[in-house]
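Please look over the model shown here before reading the notes. They are meant to be read beside it.

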Amino acid sequence: MRYISTRGEAPALGFEDVLLTGLASDGGLYVPESLPHFSLEEIRSWRGLSYSELAFRVMHPFVDDAIPADDFRAMLEETYDVFAHQAVAPLVQLDTNEWVLELFRGPTLAFKDFALQLLGRLLDYVLEKRKQHVVIMGATSGDTGSAAIEGCRRCEHVDIFILHPYQRVSEVQRRQMTTVLGDNIHNIAVKGNFDDCQRMVKESFGDQSFLGGKTQLAAVNSINWARIMAQIVYYFQASLALGGPDRSMAFSVPTGNFGDIFAGYLAKKMGLPISQLVIATNRNDILHRFMSGNRYEQHKLEHTLSPSMDIMVSSNFERLLFDLHGRDGAAVKSLLENASKGPVSIEDYRWRHARKLFDSDAVDDKTTCDTIREIYEQNEYLLDPHTAIGVRAARNCRRDMAIPMITLGTAHPAKFPDAIAESGLSVEPQLPPHMADLFEREERYTVLDNDVQGVQDFIAKHWKNA
Ligand SMILES: *Cc1c(COP(=O)(O)O)cnc(C)c1O
């Protein structure tokens, strides 16, 4: 399988290089040159497979000969074995033909574990083969950092440095990162805000000379193709559990960077019957505004009760724009260059095509809380604020009651106790048993000034072979 850039200028790469590269050299994102397509008959034959075997069937064409089949199978078994539910991604019913797909049974209680548990293992496998080492550097305001750290904790060939804004992440989120103790894990609390952290990461990727040429930086944010790939699997799994592919499904997806929902779009293109895909956003609604009015325009960042969806632009949306433009990289490049200067639109017929592919809705904090309360009162089931946005959007956008509507449950409610409290419920979400002692565990992190030089010196001094 070859991968090409959405901006059309970077060289095509194989799977291994795409895994290690992140952003393409022309600023674009890598996508497969062509998608595998599965017949209904083949998909039907996957009924009853374990999650990891299904993952193998869906992902193998993307990995191709980069990893021998037996090794890849073993890796997938190990990856999904760490989830605290035998079904890996269990379905919970809310109402007639309405479901939540619980994607938060992994080590950090958010769906990002599905991809990052695999990514850590893929990286280590490829680096071992190549006798190479990488330094992962990332900034986080919450879920990504902890999932990345958990994903890399056993990697031999990876050091990971995660920057978070000092005293500005929730205690649960901080502890999920800082209580993972390992020689290759480095938490840095920067005396600044999330944007400062992100700027430092960006600057460091731009000029890696501080590493003295002895190792290189790698990215684990959702522009990494392997993350998208891993997220395609659970669309197939949920559908098969509810009678697919002989009936079509609808999915509602709480969306920030457009990674998770893009995976659903790919599942559909790969042959899975999906009749509706709902983009569910919070007040940071650039995608909803685009879908409703063909205007792609950055607004100021709003802080909401669903912080993992607080974004100004959706990086993975570029991958959809590439398809909407007939895979014309030059057109995408000029569109996005213009988009960084002000509002842009796309040709009307292309936008109409996008509207056929997706429905959308934006949900504010009050409605999020109302939904958490409503579902609890109806079912004694507690939603986290991100999933609540998905459920509300699903109910608002639903077209056909005969088609199962599945909302992706992206996080465990105990990660976001503030939103539960604000919804007026007197229940306190409990951490699951395997995390119940989180508040007693030893923490390890280093507080550094808001200064890129100091952070780079720290990294240069603390990676494995420094
Ligand atoms: C990351 C995240 C999202 C958004 O996912 P994208 O792939 O960026 O659209 C939604 N909910 C939770 C809990 C998350 O951690």
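Predicted model: local features only at pLDDT ≥ 70, side-chain atom pairs only at ≥ 80, totals over all residues.

1. Residues are numbered from 1 along each chain as its sequence is written, and side-chain values use heavy atoms, with hydrogens and water left out.

2. The UniProt record, an unreviewed entry, annotates residues 2–80 as "domain: Threonine synthase N-terminal"; such annotations may be inferred rather than shown by experiment. The end C-alpha atoms of this span lie 26 Å apart, and 47% of the span is helix and 8% strand (DSSP runs, H or I of at least four residues for helices and E of at least two for strands).

3. The largest nonpolar core holds 109 residues (buried Ala, Val, Leu, Ile, Met, Phe, Trp, Tyr and Cys joined through side-chain atoms within 4.5 Å; buried means under 20% relative accessible area with a 1.4 Å probe, protein chains only). Helix 9 (residues 225–241) gives the most to this core, 12 residues.

4. F358 is among the residues with the most contacts inside that core. Leaving out residues up to four places away in sequence, F358 touches F258, I261, Y265, L277, I279, M291 and L320 (heavy atoms within 4.5 Å). Apart from this core lies another, of 18 residues, including F161 and F458.

5. How do helix 5 and helix 6 cross, and at roughly what angle? The axes of helix 5 (residues 112–130) and helix 6 (residues 143–152) come within 7 Å and cross at roughly 40 degrees (lines fitted to C-alpha atoms over the stretch in contact, with angles from 0 to 180 degrees between N-to-C directions). The residues of this contact divide into 4 nonpolar, 4 polar and 5 charged (Asp, Glu, Lys and Arg count as charged; Ala, Val, Leu, Ile, Met, Phe, Trp, Tyr, Cys and Pro as nonpolar; the others, Gly among them, as polar).

Key: Buried < 20%, exposed > 50% of the residue type's maximum accessible area, 1.4 Å probe, protein only.
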